[in-house]
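User: I have a structure open and would like to go through it in short questions. Can you help me read it?

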Amino acid sequence: MRTLTVLPFAAIGILMIGLGIRGAQATPAAGAAVKAQMNAQGCFACHAVDMKIVGPAYSWVAYRFAHQKGAVEKLAHKIIAGGAGEWNAWTGGIAMPPHSNLSLAQAEAMARWVLAQKPVAPPPPG
Ligand code: HEC
């Protein structure tokens with residue numbers, strides 16, 4: 001009888017430990033996987049985290065969209081469709097090319113990765 005009452009709690013405990021371990025490992029591993037995908041897509045040819053290359057630094061994007069509702073969706077659509085306008089003062093009006101081979105889920109994961117970078121205010125354009 002005693003074992004019967006203890007068993008469900010033991011099971012829940014083991015489940016929680018299991019989820020805890022997964023939770024601790026999933027984030028960096030998932031982040032690395034997204035970064036690898038971005039590398040394969042050539043994102044880092046035009047973007048760096050901490051400086052402008054052709055496109056804005058990802059840390060500037062994280063700053064501009066920090067706490068903005070719907071930012072993941074907005075950026076994911078921009079990554080897929082491409083376009084200019086937001087960063088013209090820094091880029092001279094160059095457009096990001098479309099990445100229409102990406103699924104919405106892939107683009108959203110990339111947008112989340114960008115937004116997870118340490119936010120840095122963009123320097124004055126010029
Ligand atoms: C050929 C260069 C180029 C490549 C390749 C490129 N980008 Fe961009 N990206 C840009 C430019 C230029 C902008 C600025 C667009 C603007 O002014 O609205 C930009 C803007 C962005 C933004 C901010 C959008 C906004 O509205 O503020 C994100 C996020 C982004 N890129 C992510 C990506 C990801 C992820 C990839 C790879 C799948 C990628 N970029 C590949 C040039 C590029």
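User: Where is the place of methionine 51?
Analyst: This is a predicted model. In it, methionine 51 sits in the loop between α2 (43-46) and α3 (58-64).

User: Is methionine 51 buried, partly exposed or exposed?
Analyst: Methionine 51 is partly exposed, because its relative accessible area is 48% and that class lies between the 20% limit for buried and the 50% limit for exposed.

User: Which nonpolar surface patch has Met51 in it?
Analyst: Met51, Ile53, Val54 and Ile94 make a nonpolar surface patch of about 330 Å².

User: Let's step back. How many helices and strands are there in the protein?
Analyst: The protein has six helices and zero strands. Along the sequence the pattern reads α-α-α-α-α-α.

User: Now the metal. Which residues coordinate the iron atom of the ligand?
Analyst: His47, through NE2, and Met96, through SD, coordinate the iron atom of the ligand at 2.0 to 2.2 Å.
User: And where in the chain is that pair?
Analyst: Histidine 47 is in the loop between α2 and α3, while methionine 96 is in the loop between α5 (88-91) and α6 (104-115). They are 49 residues apart, so the pair links distant parts of the chain.

User: What is the geometry of the site of the iron atom?
Analyst: The site is octahedral, with angles of 83 to 180° among the six donor atoms. For comparison, ideal angles for six octahedral donors are 90 or 180 degrees.

User: Is histidine 47 buried or exposed?
Analyst: Histidine 47 is buried, as its relative accessible area is 12%. Methionine 96 has 23% and is partly exposed.

User: What about the inside? How many residues does the largest nonpolar core have?
Analyst: The largest nonpolar core has 22 residues. Those with the most contacts inside it are Met38, Tyr58, Val61, Ile79, Met110, Trp113 and Val114.
User: Which elements give two or more residues to this core?
Analyst: They are α1 (2-41), α3, α4 (71-81) and α6. Of these, α4 gives the most to the core, with six residues.

User: And what share of the protein is buried?
Analyst: Buried residues make up 26% of the 126 residues in the protein.

User: Last one. Where is leucine 104?
Analyst: Leucine 104 is in helix α6. With 39% relative accessibility, leucine 104 counts as partly exposed.
User: What separates the C-alpha atoms of leucine 104 and glutamate 73?
Analyst: Those C-alpha atoms are separated by 8.6 Å, while leucine 104 and glutamate 73 are 31 residues apart along the chain.

Conventions:
Residues are numbered from 1 along each chain as its sequence is written. This is a predicted model: local features need pLDDT of at least 70, side-chain atom pairs count only at pLDDT 80 or more; totals for chains, interfaces and linings use all residues. Side-chain values use heavy atoms; hydrogens and water are left out. Patches are made of residues with over 30% relative accessible area and no salt bridge: like charges are joined within 9 Å, nonpolar side chains (Val, Leu, Ile, Met, Phe, Trp, Tyr) within 5 Å. Accessible areas come from the Shrake-Rupley method with a 1.4 Å probe; for residues, only the protein chains shown count as cover. A salt bridge is a side-chain nitrogen of Lys or Arg within 4 Å of a carboxyl oxygen of Asp or Glu. Helices (H or I, at least four residues) and strands (E, at least two) are DSSP runs, numbered from the N terminus. Buried means under 20% relative accessible area, exposed over 50%, partly exposed in between (1.4 Å probe, protein chains only). Donors are N, O and S atoms within 2.8 Å of the metal (3.2 Å for Na, K and Ca); water is not among the atoms, so sites may look incomplete. Four donors count as tetrahedral if all angles lie between 85 and 135 degrees; four count as square planar and six as octahedral if opposite donors are over 155 degrees apart and all others between 65 and 115; anything else is irregular. A nonpolar core is a set of buried Ala, Val, Leu, Ile, Met, Phe, Trp, Tyr and Cys residues joined through side-chain atoms within 4.5 Å.
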